[in-house]
Each structure stands twice: as C-alpha cells, then as structure tokens.
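Student: I am new to this structure and would like to go through it step by step. Could we begin by looking at it together?

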Amino acid sequence: MIRDTAAFRRDLLRWYDQNARDLPWRASKALWPVLVSEFMLQQTRVETVIPYFQRFMARFPDAAALARAPETEVLAAWSGLGYYSRARNLREAAAAITAQNPETYEQVRALPGVGAYTAAAVSSIALDLPHAAVDGNVLRVLARLTADASDIGAESTRARFRDADQRLLAPQRPGDFNQAMMELGATVCLPRSPHCLVCPVSKHCLARQTGRQDELPMKRPKPAVARAEAEVAVVRCGAGWLLKQRAARESRMADFWELPHPADVPGVVLSLCGSFRHSIVNTRFTIAVYRGELDVTPDVTPDVTPDGLKSATVDDLETLPLTTISRKALNLEKRASAARPRGIRLQVARGE
Ligand code: SF4
C-alpha cells in the first residue's frame, strides 16, 4: 500500500486543484445537481452527459420540479441517454428528497436507484461525508498504485480496494479526494498507455516503480459480444412519421415510443436507406433502416392511423420519450433524404 498517505493526499489534491476539468455539475456542491450528475454518469461518458445535464437542469432546476413532472416528460428529457430506469428512479428520488432532504450517507443510500458507489460520491461531494467512492477509474488507479495483480472484476478484489481507498481518503476534503482519484483515472492514468511522466502521484506508484503500469490492472476477459440484426421503418405520414408505443408489460423501455418494424406497415412500399450499429448490453445490433410513405387521405384521422400507429410531428419528437434506436434511424433517414438527388420519388402505396 502507499507508504506516505499524507504526502499522497497532498500531491493528489494539489494537482486536482490546478487541473480539475471545468464540468457543469462542479459549479455547485448542492445535493440536487450532484445527484443528477451522478445518475447521468452511471454507464455514460462525461462528454455525452454534459449537454443532457445542462438541458435537464434548465428544465428541472430542483428536486421539486422533477417530482412534479409527468413521467413521460422526464423520459423525454432523458431520451437518448439510455438506461431509462435511471430517469424513473431519479424522479422517485426527487419525490423522496422533496419530502425529506437527506443528511447522512444512509439516507442518500436509501434513495431509489442509489447504490453504494453513488451514495459515497453524492454524500462526500454534497454533504462532505468521509465515504470513499470507487468506480472503474479508481479501481484501475488503485491496482497500479499498489501493483496488485488481482482480478478487479472479482467482488473480493473490489471490496479490498474499497477498504484501501477508504483508508487513503482525505478526511478534510472527501469529495475533492474522490473526484481527484476519478479525474486521475479519466485523464492521466488511462486504461492504455498511462501518462506516468506527468502523473502527480508517480512517486507513490508501485506499478510505475516496477515497470508494470501497462500490464495492470488484471481483468478476466469479458464474455463474447453477441451479434444480431433488426429492422425499422421510417414511414412519413403527412407532416409526421409513424411511431408505435412499447407495451407497458415490456421489460425494457416500457411505454417508450419507437419506429415500427416493416411488418407493422404491410401496405407501405419500403426501400432500404441504410444501416447502423447499436449495442445493448452484450449484444451488438446491426439495424437496417427502411423508408416509405403512407398516403393520408382526408377521411383518415391524421393523429392516430387505422392500424394503431401514431403520426408524430417534429414537435412531438421533442416531447415524446423515444428509443435511441429510433432517434438514430430518423437521423439516418434525414441525412439520406438530404443527400438524395432531386426528382426521385419513393413509390407509395396506400396504408391499411
Ligand atoms: S504513475 Fe502511471 S500507473 Fe502510476 S498512477 Fe500515475 S499514471 Fe497511473
């Protein structure tokens, strides 16, 4: 373990004070923005989160605003970030916070969707409580600092590293210490080719001293990625596009809106306009995007089509919770339409 803990904390925090990235959720240490940012950062990269965080905070500046909002509105604001259970949990957490503002680690941990890591991060940053937050970046840094070749995917290793980090934590500045460790992992102690020459704690690092920084941490290989194919249809209908709503009983993304499958629009002549890749957990999908047009006659209700699909306008797309696959497919179709030479029209058939 680190021999001179006090010197390590001092070196790390001095570097953090001078080099911390200017991230929007660091402008305040209030509980609400810290909680929102930690929910968004679960499974999602910092660069992706930034614009979502800014829009979300502008729309829901405090917990009460989110607790009041209908779930569909919250999901729409989250649309594109993925892992939508986070949005639902955050809304429930907002209601709990509105009833009683948490003041202890245990009260933060009891909020819906808050695990041990998020509770430690939020309570250290927003409440100044001494709890070490160990994410993937911190695990990597700790494995290298201590030249520990244990499998960091194993729960026993993680528990040991959490204990080690708890002992290392700077008790006067727990939130800054946690963020500094994560920042070090995100910007200097990178997964491949760590920047040891500019590392503020290199003199404390056993892996660096023994030349093992490139081989640590050890991790069992991930399970093989499965591959699958799927199809969606981008069907124009008057001024909008056809969408259908996922059933409430569906385990993933229940109640979300999505583009129909080609089989859902049998009366429409479709042509392939492109494809893209999209990963969900351990499956890598290739999504084929078809496009077509539904002929809308004046006697057909313009909002809900006879086969139960909804025609969504551009404004609807801003407010409906829409699956990420559908967003990507609509964007692909839009780009393809913009690139298509004038004068070529799609073959159109009347819908059922
Ligand atoms: S010296 Fe290198 S391996 Fe060690 S913590 Fe710093 S960047 Fe990581």
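Student: Which residues are buried in α11?

Tutor: In α11, the buried residues are Pro174, Gly175, Asp176, Phe177, Asn178, Gln179, Ala180, Met181, Met182, Glu183, Leu184 and Gly185. Buried means under 20% relative accessible area, exposed over 50%, and partly exposed in between, with a 1.4 Å probe and protein chains only. Helices (H or I, at least four residues) and strands (E, at least two) are DSSP runs, numbered from the N terminus.

Student: What kind of model is this, and how are residues numbered?

Tutor: This is a predicted model, in which local features need pLDDT of at least 70, side-chain atom pairs count only at pLDDT 80 or more, and totals for chains, interfaces and linings use all residues. Residues are numbered from 1 along each chain as its sequence is written, and side-chain values use heavy atoms, with hydrogens and water left out.

Student: Back to α11, then. Why is it largely enclosed?

Tutor: Helix α11 is largely enclosed by the rest of the structure because 12 of its 14 residues are buried.

Student: What do those buried residues pack against?

Tutor: The buried residues of α11 pack against α1 (5-19), α8, α9 (136-145) and α10 (155-168). Contact here means heavy atoms within 4.5 Å.

Student: What span should α11 have?

Tutor: Helix α11 (residues 174-187) should span 20 Å at 1.5 Å a residue, and its end C-alpha atoms are 20 Å apart, which agrees. The expected span of a helix is 1.5 Å times one less than its number of residues.

Student: What does Val34 contact?

Tutor: Val34 lies in helix α2 and is buried, with a relative accessible area of 2%. Leaving aside neighbours within four places in sequence, Val34 is in contact with Ser28, Lys29, Val122, Ile125 and Ala126.

Student: And what comes just after α2?

Tutor: Just after α2 comes Gln43, with a positive phi of about 65 degrees, although Gln43 is not a glycine. This residue is placed in the loop between α2 and α3.

Student: Is Gln43 buried or exposed?

Tutor: Gln43 counts as exposed, at 63% relative accessibility.

Student: Which other residue has a positive phi without being glycine?

Tutor: Tyr83 does, with phi near 45 degrees. Tyr83 is found in the loop between α5 and α6, and at 44% relative accessibility it counts as partly exposed.

Student: What about α3, and which of its residues are buried?

Tutor: Helix α3 (residues 46-59) reaches 20 Å from its first C-alpha to its last, close to the 20 Å expected for its 14 residues. Its buried residues are Val46, Val49, Tyr52, Phe53, Phe56 and Met57. What covers them includes α2 (31-41), α4 (63-68), α5 (71-78) and α6 (85-99).

Student: Where is Ala67, and what does it touch?

Tutor: Ala67 is found in helix α4 and counts as partly exposed at 26% relative accessibility. Not counting residues up to four places away in sequence, Ala67 touches Arg91, Ala94, Ala95 and Thr98. The C-alpha atoms of Ala67 and Ala94 are separated by 5.3 Å, although these residues are 27 apart along the chain.

Student: Finally, which residues are around the ligand?

Tutor: They are Arg144, Cys189, Pro194, Cys196, Cys199, Ser202, Cys205, Arg208 and Gln213. A residue is near a molecule if one of its heavy atoms lies within 4 Å of it.

Student: How many of that shell are charged?

Tutor: The shell has two charged residues, along with five nonpolar and two polar ones. Here Ala, Val, Leu, Ile, Met, Phe, Trp, Tyr, Cys and Pro count as nonpolar, Asp, Glu, Lys and Arg as charged, and the others, Gly among them, as polar.
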